Structure formats: C-alpha cells, structure tokens
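Dear colleague,

Please find the structure below, handed over for your own work. My findings follow directly after it.

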Amino acid sequence: MPTLYQADLSPFAARIRIQLRAKGIDSFDFVLPPGGLGSDEYKAINPTGKIPFLDLDGTGIAESAVICEYIEEKCPQPSLLPDSPEARAQVRLLVQCVDMYITTPMFKTIPLLEQGESAKEALGLLLAELKAGLGYLNEYRNRSGLAGERYAIGDQLTLADGAIAGALFFVINFAEAMLGLEDAVPADLRELYETLKDDPHVAEALNEIHVAAEAKRAGG
C-alpha cells in the first residue's frame, strides 16, 4: 500500500486528497510525519522534512505537484487534466503560479509574525508579493480563454482546482482575516473559490483543513 506522509492542515497535501477521492482511489495509507515536520526521524524518510511525501515501497516521491502528476500517469481515469495539450499546459501553469507566487510568500510570513515590530517591513514586502501573485494567477486564468464557470480551466475538476482551493483557504482565512491584507483575492478568484466549495471532493478537503486549523488554534 502506498504511504502518503501528510497532515490535514497542509494545502499541499489537500490537493492530493482531492485528486485521490475524485479518482475513487482509497488504497493510500495517510500517515503523519513521524517526529513531526523537520524532525530528524522524518528527515530519514524525506530529507527536506516537508509534506507531502509519497513512499512507494521504498521509492520516494516528494513535492505535491510531482506526486499529483505521478498519480495522473499511474491512474489516468478519470482524468484531472483536460484533453488538449494547450488546456493541460494552462492547468500546469496555474499550479506552478500557486506554488511560486502565492503559497511561497504566504508561508514565509509565519516566522516573521513571531519577530513583531522588527519584522514589520519584511512582512509588508511579503504581503505585497502575495497580493501580486494572486493577481498573476487571476490574469493567467482569465487570459487563457479557457476559464470555466465552476472550475479553473474547462468544465471539470482539474489539478489546478485542488491547488487553488487549498491556497485560497489560507489566503482568505489567514492573510486577509489575520494579517490585515484586505481584499487581496481578486473578485474572479473569490467567485471561483466559492464555486469550488460546491464540489464534494474539494469541500471535504477544505473541511479537513478547517477542522485541523481550529484544533491547532485551540492548542490541540
């Protein structure tokens, strides 16, 4: 049985859970990283100490985007990639945009919060970078000519939707609500996020993130 080291709070792991459920795959064993993220015990499994990490009987695959592509190739139906090469490229572009320009600056803000006033300038720069990244994502999607009414690209759930939904959960509930980055999400992306929540696979993963976030906030 493949072992997926993950945690419900992680938006990167959430996109894989969305993909697996959309494909009807229930053969993956979900496991918390032993010793916690960054621990020596877990680094013996994944040298970066990060999640998600897929263990295939000793062969490891790191990075959520790579894991998702592996699952698509291993279990191609039902596909979470569109039919045409052009549309597939747009899906991959949106995933990379999320990873490079949204989640990267957003999670870099977390250690700065502990530094208080001394990190105010650096925090402001990261929030500006995050807001710009949301703009990039919105523009790439709108300019693709392939934006769907319910999904990021086309009329079916794709890998882009899993990446976008998890990232926007944190932007809206963390960057906007807690860091004061008001109206960071462009209107089109906010509308997409609301429609994605109607997809049962997305809704389940977002609820898992919410429950995990509430538990962490409560000290659980």
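Glu117 and Lys120 are both exposed (over 50% relative accessible area; under 20% counts as buried and anything in between as partly exposed, with a 1.4 Å probe and protein chains only). The two side chains form a salt bridge, with 4.0 Å between the closest N and O atoms; the term stands for a side-chain nitrogen of Lys or Arg within 4 Å of a carboxyl oxygen of Asp or Glu. Please note that this is a predicted model, in which local features need pLDDT of at least 70 and side-chain atom pairs count only at pLDDT 80 or more, while totals for chains, interfaces and linings use all residues. Residues are numbered from 1 along each chain as its sequence is written, and side-chain values use heavy atoms, with hydrogens and water left out.

Salt bridges

Side chains of opposite charge can pair when their charged atoms come close. By the rule above, the count is 12 salt bridges. One of them joins Arg21 to Glu208, with the closest N and O atoms 2.7 Å apart. Since Arg21 belongs to helix 1 and Glu208 to helix 8, this pair ties together parts that are 187 residues apart in sequence. Helices here are DSSP runs (H or I, at least four residues), as are strands (E, at least two), and both are numbered from the N terminus. Arg21 is partly exposed at 24% relative accessible area, whereas Glu208 is buried at 16%. Asp8 and Arg17 meet in another salt bridge, at 3.8 Å from N to O. Of these two, Asp8 is partly exposed at 32% and Arg17 is buried at 0%. Through shared partners, salt bridges join Asp8, Arg17, Arg21, Glu204 and Glu208 into one network.

Pockets

Rolling a probe the size of a water molecule over the atoms shows where empty space is left. A pocket is an open set of points on a 1 Å grid over the protein atoms alone, where a 1.4 Å probe fits and protein lies on both sides within 12 Å along at least five of seven lines; lining residues have an atom within 4 Å of a point. Grid points are joined across faces, edges and corners, and a volume is the space filled by probe spheres set on the points.

The largest pocket has a volume of about 1,200 Å³. Its lining consists of 37 residues, and Leu9, Pro11, Phe107, Ile110 and Phe170 lie nearest its centre. Two or more lining residues come from each of helix 1 (11-23), helix 3 (64-74), helix 4 (85-113), helix 6 (159-176) and helix 8 (200-217). Helix 8 gives the most, with 7 residues. By class, the lining of the largest pocket has 19 nonpolar, 11 polar and 7 charged residues. In this scheme Ala, Val, Leu, Ile, Met, Phe, Trp, Tyr, Cys and Pro are nonpolar, Asp, Glu, Lys and Arg are charged, and the others, Gly among them, are polar.

The second largest pocket has a volume of about 170 Å³. Among the residues that line it are Arg15, Glu69, Arg92 and Asp99. Helix 3, helix 4 and helix 6 each give two or more residues to this lining, and helix 4 gives the most, with 5. The classes here are 6 nonpolar, 2 polar and 4 charged residues.

Backbone features

Most residues other than glycine have a negative phi, and most peptide bonds are trans.

- Ile51 and Pro52 are joined by a cis peptide bond with omega about 0 degrees; Pro52 is in the loop between helix 2 and strand 3 (53-56).
- Gln77 and Pro78 are also joined by a cis peptide bond, with omega near -10 degrees; Pro78 is in the loop between helix 3 and helix 4.
- Asp57 is not a glycine, yet has a positive phi of about 55 degrees. Asp57 is in the loop between strand 3 and strand 4 (59-62) and is exposed, at 80% relative accessible area.
- Glu63, likewise not a glycine, has a positive phi of about 75 degrees. Glu63 is in the loop between strand 4 and helix 3 and is partly exposed, at 49%.
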